[in-house]
Amino acid sequence: MAAPWPQRSRWGGGREGGGWAAGGRAARAAGQMPGLGKPSGQLVMPTFHQQDTTPGAPGRLRRSREESSLRCRSRVLMASLSRALRVAAPCLRRSPAQGPGLRPLASGAGPTIEKSVPYQRTLKGAQDPSAAARGPSRPLPSTASVVVIGGGSLGCQTLYHLAKLGVSGAVLLERERLTSGTTWHTAGLLWQLRPSDVEVELLAHTRRVVSRDLEEETGLHTGWIQNGGLFIASNRQRLDEYKRLMSLGKAYGVESHVLSPAETKALYPLMNVDDLFGTLYVPHDGTMDPAGTCSTLARAATARGAQVIENCPVTGIRVRTDDFGVRRVAAVETEHGSVQTPCVVNCAGVWAGAVGQMAGVKVPLVAMHHAYVVTERIEGIQNMPNVRDHDASVYLRLQGDALSVGGYEANPIFWEEVSDKFAFGLFDLDWDVFAQHTEGAIRRVPVLERTGVKSTVCGPESFTPDHKPLMGEAPELRGFYLGCGFNSAGMMLGGGCGQELAHWIVHGRPEKDMHGYDIRRVCGHLRFHHSLTDHSRWIRERSHESYAKNYSVVFPHDEPLAGRNMRRGPLHEVPHP
Ligand SMILES: Cc1cc2nc3c(=O)[nH]c(=O)nc-3n(C[C@H](O)[C@H](O)[C@H](O)COP(=O)(O)OP(=O)(O)OC[C@H]3O[C@@H](n4cnc5c(N)ncnc54)[C@H](O)[C@@H]3O)c2cc1C
């Protein structure tokens, strides 16, 4: 039967073998999960080492005790360093060498500094400010074969792939300008290896589109930078996971290398490797540029006959019932007229729930804040690979001669009232929430302790109950497709998923096995019962857990802790004999 609620969250320690940073996160997470309902019992999960009963385990257990005593000492040291930094923070902030507005990453709470994205070019300023008032960027057609709603990563990729499959008369309607939702402020990281063969293929396709296909078709550079990717293993389980990823990559032609700490130091001299078991280096990983990618996708799609119409919010979806009593999409309504169409694709990001409501379709996702900060210049960081330190839940993205530092917190902030006026917007960064990443980031690249923060980037992103996107035709309405809920991976998955969505629409099914992303896994009798997709507390609590566990080791048969007992099977109450 379902286990009772945990009194103290043990996600980090239980899942990651009590890793140094993981232990810290677990401790912070304990009692800090306001969205996760009222605890009603105690579930103490064994640590990974305690679970280990394979031959040779006693030796490993002894080793793990030595490691954990070492880690305890390190934690004490780190705690005093953090205390010292907090005391020193006001002085550090006043240091004239940092210049106005700069604050060191190590400092604690303080005034919010400049909010701005680190990109030289965005599409925000690329339009005459009075254009929006003049209405749609081009006349609305009266009919369309497909209407894609939303001009972010997913909408642009889907339109491009529809056009490539030969669909004529596809139209993209964007409320404001392309990229103006979440896409404009993305970090744009593309890692090619994930623990799923289908996802490895999806990622490979995105990489092909942004690094090769679009440039060949349009002669334009999308802004793709191939600086490589480096995954950090600070415990043995993580290194084992990376070895599995490397094997998977081999099968799909993704070059990767497991490096020793010394080899890692040679590759990334600014990195502290003292606590590392090893790293996984993927030389052809890289970074996508949001404005460059979306504008080039739009250019390539329109060259093949598709239309992109900006400043055109969709206000309604008209539905008809056919002779067999089946509900079907009939038209899309806007403030500037309607477009008759048998097919709509909901690529509206965090607004996908509102667009779904227009059609009576449930879209189980929630909007949360996700953030990174951009540092000032760091000598010697140029050309370094992007870094993902899973055990510290932190990523470091190369930003020219600086770094962007981001991560996933155990206590993320929900965007409770998603505003339809939010375009090219950013939230104020909550340093109390974000500060939990500084320790991990500084431990990995110690020079960050003395480096100022130039700007903060905190924006909305959608998260789903099982951390997988929502795709495919909605079971409630024929002709209504979803391409949303991307859990902070909508840039890197965009190309692969756009291609699958286009195939789904044209051929009635995706080309790859997309069961894990199919909306019917949630709504039908597959994985979740449809009663849950209408259950806002279940969606919220499960999505919260999926955000917090974004970087956790993926173990087989993992069962989420959130949302338990909200729906019980018929045998739930049957007593044990
Ligand atoms: C800080 C941060 C860092 C990130 N870093 C990465 C990363 O490194 N790698 C990665 O892969 N992903 C990353 N992500 C996630 C990624 O950026 C998103 O998953 C992706 O941009 C989402 O694209 P989208 O097209 O689904 O949504 P959006 O970009 O939000 O696009 C939706 C569009 O729909 C439009 N719209 C809404 N309602 C309507 C309507 N009624 N009518 C017409 N148009 C409408 C909106 O204006 C918007 O332009 C990050 C996210 C954040 C917040």
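Two strands are taken to pair if DSSP finds at least two bridges between them, and strands (E, at least two residues) and helices (H or I, at least four) are DSSP runs numbered from the N terminus. In this predicted model, local features need pLDDT of at least 70 and side-chain atom pairs count only at pLDDT 80 or more, whereas totals for chains, interfaces and linings use all residues. Residues are numbered from 1 along each chain as its sequence is written, and side-chain values use heavy atoms, with hydrogens and water left out.

On these terms, β13 (residues 344-346) and β20 (residues 480-484) pair in the parallel sense over three bridges, with Phe 480 of β20 as the bridge partner of Val 344. Both strands belong to an open, mixed sheet of six, ordered β9-β3-β2-β13-β20-β19. Because β9 (307-309) and β19 (470-473) each have a single partner strand, one side of each is left without a neighbour in the sheet.

Turning to the helices, α5 (residues 153-164) lies across β2, β3, β9, β13 and β20, where contact means heavy atoms within 4.5 Å. Helix α5 runs at about 170 degrees to β3; angles run from 0 to 180 degrees between N-to-C directions of axes fitted to C-alpha atoms, for helices over the stretch in contact.

The ligand is surrounded by 37 residues, each with a heavy atom within 4 Å. Strand β18 gives the most to this shell, with three residues.
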